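Subject: Handing over a structure for you to look at

Dear colleague,

I am passing on the structure below, together with an account of what was found in it. Please have it open beside you while you read on.

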Amino acid sequence: MNYLYFEIATVLFECLIVHVLFNAWFGLKAHNRTRDVVCYAIFFFLTCLITILPVQPLIRSAINLILVFCLAKLLYNSTIVSSLYSSLLFTALAVVTEYFCLVLLNYLHFDTEALMAVGNARAIYLVLAKSVHFLAAIITASVFRKNRATLTLKQILSLIPCLIVSIYICSLFYELYPVYEGDISLSLVIALVGLLYINGIIVLNTQSIKSTVVEIEGQKQVAQQYEMQEHYYRNVIKDREETRALWHDVKKHITAIEAIVGVGDINAANIEYDAIRQAFDKLGDVVDVENEVLNIILYHNIQRAKAHDIPVRLTAQVAPKISISAVDLSVVLGNTFDNAIDECIMLESESREISVSLIQRNNMLFYEIKNPCMEIPHKKSGSYHGYGIKNVNACVQKYNGAMERGAANGYYCVSIRLNCPS
């Protein structure tokens, strides 16, 4: 009976490994969480059956592969091909880690027959294999992650010692408990299940902290987007009021110029003309590219450039609606504008200029920003240097796009392609 409880605990731990891997790669679908719980409950029940019942290892692996594939396709944002590929990888990791642990223990002169029979040795071996499998899964998840809330490889490095200590504890258990028994000791079951629980809860809590940080960052970006939108609309209203007032007075200015020219005072006429021209030049600061979201983002960044006396040449051909979130567009345009502005500030005033192009063709959005740069590369100050491009690259990957950047002929250029299906 103790062995049955232990098998159930290991299956629960395997469910955790599945979720960690697939959530990192694809992320959960946005649907009712009750469905997630039901699907995992079915997966857990069927996995328990094939684990407890006397099934051949090859057949057990094949059934497990099918169950993991169904789970990946039903609950996560993955295609059939990616679900199959990731399921094969998960199953391969499980088989390889179990075989690796078996070979390692055999090399260390542990009793191989005891590892294959029901008893204390078998239980310790399974926990060792699951720990190594979990370690391989979280490293794989961090390397191929698409979900931003997933831990990076650098963050996982701090968790690896915990798993290594768990593996060492398993080897100590093997020496402390009798090898051959009809069933495993209750104290060993509690110790091994506790070990699995500690490993799982550490990773889950660390993951929860990372998710909270990403959520807070997202809320800040949304708040910034709202502030940009509010500022843009205030300037739209101001621009329209100034335009209405100017057109209301334009006839009076023309009449005044005609009267001044009539008396032959050309200098006074030129002064009056310059006043009208300056009034018209102040209009038109509001960006209008026929896309409300891009209007707001472009206006905000162009005004930031103008605050540093950096002119911006804009070319835009986009649809009124683009299937890319406002936050992601703000991340891409804002960070690349930041870099362009910072580079132009280092240059002489007469050579400052930023060229921006936004062209949409069918389901593709092409974005390019170009600015003059210094011949000798320089490192920017600040502890957050480099994070801007990383965030841009994360958005590019999110939309299965591509990014190229580099300097040539005195100009630095960033070219980005994003998929934006209708």
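A nonpolar core, as the term is used here, is a set of buried Ala, Val, Leu, Ile, Met, Phe, Trp, Tyr and Cys residues that are joined through side-chain atoms within 4.5 Å, and buried means under 20% relative accessible area. Please bear in mind throughout that this is a predicted model.

With that term in place, the largest nonpolar core has 58 residues, and those with the most contacts inside it are Phe6, Val18, Tyr40, Phe43, Phe134 and Leu192. At least two residues of this core come from each of α1 (2-25), α2 (33-52), α3 (57-75), α4 (80-107), α5 (112-116), α6 (120-143), α8 (160-176) and α9 (186-262), and the helix that gives the most to this core is α6, with 14 residues. Leaving aside residues up to four places away in sequence, Phe134 touches Phe13, Leu16, Ile17, Val20, Leu163, Asn199, Gly200 and Val203. There is also a second, separate core of 35 residues, which includes Phe337, Ile341, Leu365 and Cys420.

For the protein as a whole, the secondary structure comes to 13 helices and five strands. Of its 422 residues, 40% count as buried, and the accessible surface comes to about 23700 Å², of which 62% belongs to carbon and sulfur atoms. Among the contacts with a separation of 6 or more, 74% are accounted for by residues 24 or more positions apart.

Helix α4 has 28 residues and reaches 40 Å from its first C-alpha to its last, which is close to the 40 Å expected at 1.5 Å a residue. Its buried residues include Ser82, Ser83, Ser86, Ser87, Phe90, Thr91 and Leu93, and the buried residues of α4 pack against α1, α3, α5 and α6. Ser82, which is found in helix α4, is a case where the cut-off matters: with a relative accessible area of 19%, Ser82 counts as buried because the limit is under 20%. The C-alpha atoms of Ser82 and Phe26 are separated by 9.2 Å, although the two residues are 56 residues apart along the chain. After α4 comes His109, whose phi is positive, near 70 degrees.

Helix α2 has 20 residues and reaches 28 Å from its first C-alpha to its last, close to the 28 Å expected at 1.5 Å a residue. Asp36, Cys39, Tyr40, Phe43, Thr47, Cys48 and Ile50 are the buried residues of α2, and what covers them includes α1 and α3.

Turning to the strands, an open sheet of five strands runs in the order β1-β2-β3-β5-β4, with mixed pairing. Its edge strands, each of which pairs on one side only, are β1 (312-317) and β4 (402-408), and the twist averages 10 degrees from one strand to the next. Strands of a sheet pair through backbone hydrogen bonds, either parallel or antiparallel. Here, strand β2 (residues 354-361) and strand β3 (residues 364-372) pair in the antiparallel sense over seven bridges, with Ile359 standing opposite Phe366 in β3.

Two helices pack on this sheet. Helix α11 (residues 292-306) touches β1 and β2, and its direction makes about 170 degrees with that of β1. Helix α12 (residues 326-345) touches β1, β2, β3 and β5 (411-419), and its direction makes about 15 degrees with that of β3.

Most residues other than glycine have a negative phi. Glu290, however, has a positive phi of about 70 degrees although it is not a glycine, and this residue is found in the loop between α10 (266-281) and α11. Glu290 is exposed, with a relative accessible area of 58%. Asn409, which is not a glycine either, has a positive phi of about 55 degrees and is found in the loop between β4 and β5. Asn409 is exposed, with a relative accessible area of 79%.

With best wishes

Note on methods
Residues numbered from 1 in each chain as written. Predicted model: local features only at pLDDT ≥ 70, side-chain atom pairs only at ≥ 80, totals over all residues. Heavy atoms only, no water. Buried < 20%, exposed > 50% of the residue type's maximum accessible area, 1.4 Å probe, protein only. Helix = DSSP H or I, 4+ residues; strand = E, 2+ residues; numbered from the N terminus. Contact = heavy atoms within 4.5 Å. Pairing = 2+ DSSP bridges. Axes fitted to C-alpha atoms, helices over the stretch in contact; angles between N-to-C directions. Areas by Shrake-Rupley, 256 points an atom, 1.4 Å probe, with all protein chains shown as cover. Expected span 1.5 Å × (residues − 1).
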